[in-house]
Amino acid sequence: MIADSVLLPQEDKMHETAWMTLDVLGRRPMTRRQALALLGASLTAPLFSGCATSPVTGETIFVGMSEAQEISLDRQLAPQQFSQDLGPIPQASVNAYVSEVGARVHAVSHRPSLPYSYRGLNANYLNAYTFPAGSVGVTRALLVRLDDEAQLAAVLGHEIGHVNARHSAQQQAKAMLAQVALTALDAATSRSDWGQWLVQGGAVGASALLASYSREQEREADYLGQRYMVLAGYPASAMVRLHQVLLEEEKTRPGLIETMFSTHPLTQERIQRAQWLAETEFADGERFPVQRERFMDRTAPLRTLRPTIERCGRGEEAMGEKKLTEAEQHFREAVKLTPDDYAANVRLAQTLLARGRLDEARAYAEHARSVYPQEAQAHKVLAATALQQRRFDEALVALETYDRLLPGDTGITFLRGVSLEGLGRRQEAARLYADVLQRTGGRGQAAAYARQRLRQWGYLR
């Protein structure tokens, strides 16, 4: 990422961000890289500091925030990441089932009163993650790979363990200390190529919003997860079987599981320790059923989509490897299998957008929007195609819808200003540019362009 700097209008040099915006508003069409890069993610978050007592060990740990702040940060970050993973799965009965199992496990945890929530996500890579106050997401690719309810309890118990030991709060507070604000146009000027941008956009790979844990934190979460599982009536050995599933996937398709290993490092020592605990401290739990029949019955609506999910996963692997022709083929196969699958349509639209086939991209994004209007990413793709084609009225509608669904994205605010400027609505654009300056503290390329315009228009001296 290009370092932040303050740019003045009279300077001869202007960062690529400003030129990209001038291309949108001027006669030259944007390049495909520019159009997509303009729609990267953004986040502005407060800094926290301080120590707290671990509810698990009673030891003093650096957390960086109070429990109230954990809840606030959770509410800010979780919706952004869940949308990057294309929102909750539409199979409401499966989401309800995941929530039932989660509630059964967190009820016996050290912090049962937190506002836990659980959802399956439309993502096609294997992962599960949580935010500080217990907003837990499990990707549909992982859900269809599990064999029974006990393994699902192992997944959720592990994430609840991170919450109870305050690992999520610790790691995400550190991330906030290192990086106060990200804006869409800072990411856009990183000179990344298509494959890298698509990874940053949430197709594959770990988001900057996700916590990455140490091996010691992973071991503690395993231990807590196994303890909670047994208290909730599941055998602790399901944690071992879960690890074995992940290792098998890593051997056969390493790209599909890359994100989970980057956020949850898995080692042979962890597996051996989980096995030892299942045979010793938690051995009494081995009499509990794994509830395979109930799991198969309750997840059946999602498991019917496994071929579609697998093709989407292969498409996302190809995207990450910059193989856009191959990615398009996989996504087209997924759409053919399940024409109304939101994830397949969005990913195909993104791939077509990256290849410059704007009308086709728009068609698939519009279909995705029609089947899942309350999820934000299809609106973002529509905004990208409209901006590239200088259809500023359509871009503005899509960006305003995105902002209603996921408020607070500084990059989206900036692009709304760009669209208003393109429509000749200068006063409204100026208000949004001023908002961008305030949110970013005047830092970054988006702020530099906003400042330049405000000075040109006489709003700033």
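Helices (H or I, at least four residues) and strands (E, at least two) are DSSP runs, numbered from the N terminus. This is a predicted model: local features need pLDDT of at least 70, side-chain atom pairs count only at pLDDT 80 or more, and totals for chains, interfaces and linings use all residues. Residues are numbered from 1 along each chain as its sequence is written, and side-chain values use heavy atoms, with hydrogens and water left out.

Start with the whole chain. The protein chain holds 23 helices and seven strands. Of its 461 residues, 59% are buried, meaning under 20% relative accessible area; exposed is over 50%, and partly exposed lies in between (1.4 Å probe, protein chains only). Take contacts (heavy atoms within 4.5 Å) between residues at least 6 apart in sequence: 72% join residues at least 24 apart.

Now go to helix α3, residues 67-84. Yet α3 has a kink of about 25 degrees at leucine 77, shortly before proline 79. The bend is the angle between axes fitted to the seven residues ending there and the seven starting there. Buried residues of α3 include Glu70, Leu77 and Phe82. Leucine 86 follows α3, with a positive phi near 70 degrees.

Charged pairs come next. A salt bridge is a side-chain nitrogen of Lys or Arg within 4 Å of a carboxyl oxygen of Asp or Glu. The whole structure has 30 of them. Arginine 111 forms one with glutamate 67 (3.2 Å, N to O). Arginine 111 lies in the loop between α4 (92-106) and β4 (117-121) and glutamate 67 in helix α3, so this pair ties together parts 44 residues apart in sequence. Arginine 111 also forms a salt bridge with glutamate 70, the closest N and O atoms being 3.3 Å apart. That pair ties together parts 41 residues apart in sequence. Arginine 111 is buried at 7% relative accessible area, and glutamate 70 is buried at 1%. Glutamate 67 is partly exposed at 40%.

Helix α15 (residues 306-320) carries another pair. Arginine 306 and glutamate 310 meet in a salt bridge at 3.0 Å, N to O. They are four residues apart in the helix, so about one helical turn separates them. Arginine 306 is partly exposed at 32% relative accessibility, as is glutamate 310 at 34%. Elsewhere, Glu328, Arg332, Arg355, Arg357 and Glu360 are linked in a network of salt bridges.
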